[in-house]
Amino acid sequence: MEKSYSLNAAMIDDGEAKAAQHYADHFGEPGFKDHKKMIIEQRYEGYTEENQETWQILFRRQMEYLTEHASNVWLAGAKAINLREDKIPDLNEINSRLAPRTGWQSRAVPGYIPAQGFFACLAHRDFPTTIVIRPKESIDYLPEPDIFHDIFGHVPLHADPIFADFLQTYGQAALQTDDKYHTERLARLFWFTVEFGLIREEGRIKVYGSGLISSPGESRHALTSDEVERRPFDLNTVCDTAFEIDHYQPILYVLESFEQLRDAMNSYAERLLNGTVSTPTHA
Ligand SMILES: [Fe+2]
């Protein structure tokens with residue numbers, strides 16, 4: 001995926017960012033094993049007034065809906081990290097609240113981080129975070145992650161100890177798996193949970209996946225459309241389900257609790273890392 005940000009691109013266009021991106025593009029090769037070398041400074045002063053307005057609009061129009069329809073765990077996390085409407089998050093401020101809770105930190109990266117580098121960050125409780133924000137004129141169209149998706153969508157759950165453990169275990173398992181069959185299954189697991197997951201709380205289905213949390217259109221569609229099949233979460237079924245990226249998801253999976261996700265991940269990781277999960281010969 002190429003970078004195609006049209007606003008505040010200068011924030012990710014200097015020597016530091018270029019070196020970090022080069023490192024990310026080669027991550028895993030000899031001499032490219034230190035995930036911290038993909039991290040850059042946020043350089044907060046690079047945000048324009050228009051960038052700040054874009055954040056405020058996105059925040060305002062989605063938060064009211066989420067108060068009713070997001071997982072309580074996401075809502076509690078948003079409060080814990082002091083996610084606020086008036087300005088684009090300063091990663092240092094977020095981390096000063098997040099790190100003492102779960103050890104997770106949100107780390108600025110220069111752009112798209114290929115899989116190996118991404119998993120290495122997760123394995124260390126560092127979340128690779130896009131720092132640019134979408135152009136105001138295309139506020140509804142998001143071809144790739146921006147800071148609204150990455151912070152608003154993802155980071156509140158990192159304040160929850162159970163989700164925090166799950167995500168690190170996921171990163172550790174994905175990092176150590178070089179089998180294509182399992183890499184694909186792990187990508188599906190990420191997609192149907194971290195990105196597009198639903199959860200049942202007090203008898204009602206709520207959103208928690210970042211792709212739903214950060215999208216007014218898709219969050220409503222996910223919860224109300226007759227065209228969406230909402231299946232009970234089962235790790236093997238999820239891993240067997242292919243996903244499509246260019247339209248609203250027709251299939252979603254509903255957790256009963258984040259413990260269910262953590263426990264399923266733990267047992268998958270254990271089997272993967274002990275070598276007791278084999279690749280089917282037909283795969
Ligand atoms: Fe995401």
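## Strands side by side

Two strands count as paired if DSSP finds at least two bridges between them. Helices (H or I, at least four residues) and strands (E, at least two) are DSSP runs, numbered from the N terminus. With that in hand, look at E229, which stands opposite I251 in strand 6. Strand 5 (residues 229-232) pairs with strand 6 in the parallel sense, over four bridges.

Strand 6 (residues 251-255) also pairs with strand 3 (residues 198-201), again in the parallel sense, over two bridges. Here I199 has L255 as its bridge partner.

## A word on the model

This is a predicted model: local features need pLDDT of at least 70, side-chain atom pairs count only at pLDDT 80 or more, and totals for chains, interfaces and linings use all residues. Residues are numbered from 1 along each chain as its sequence is written.

## A glycine in helix 3

G77 sits in helix 3 (residues 72-80). Is G77 buried or exposed? G77 is buried, because 25 other C-beta atoms lie within 10 Å (buried takes 20 or more, exposed 12 or fewer, partly exposed is in between, with C-beta atoms placed from the backbone).

Beyond its neighbours within four places in sequence, G77 is in contact with P156, L157, A159 and D160; contact takes C-beta atoms, placed from the backbone, within 7 Å.

## Two helices crossing

Which residues of helix 5 meet helix 7? They are F119, A120, L122 and A123, and on the helix 7 side the list includes L167, Y170 and L175. Helix 5 (residues 115-123) and helix 7 (residues 161-176) have axes that come within 7 Å.

How values were computed. Axes are lines fitted to C-alpha atoms, for helices over the stretch in contact, and angles run from 0 to 180 degrees between N-to-C directions.
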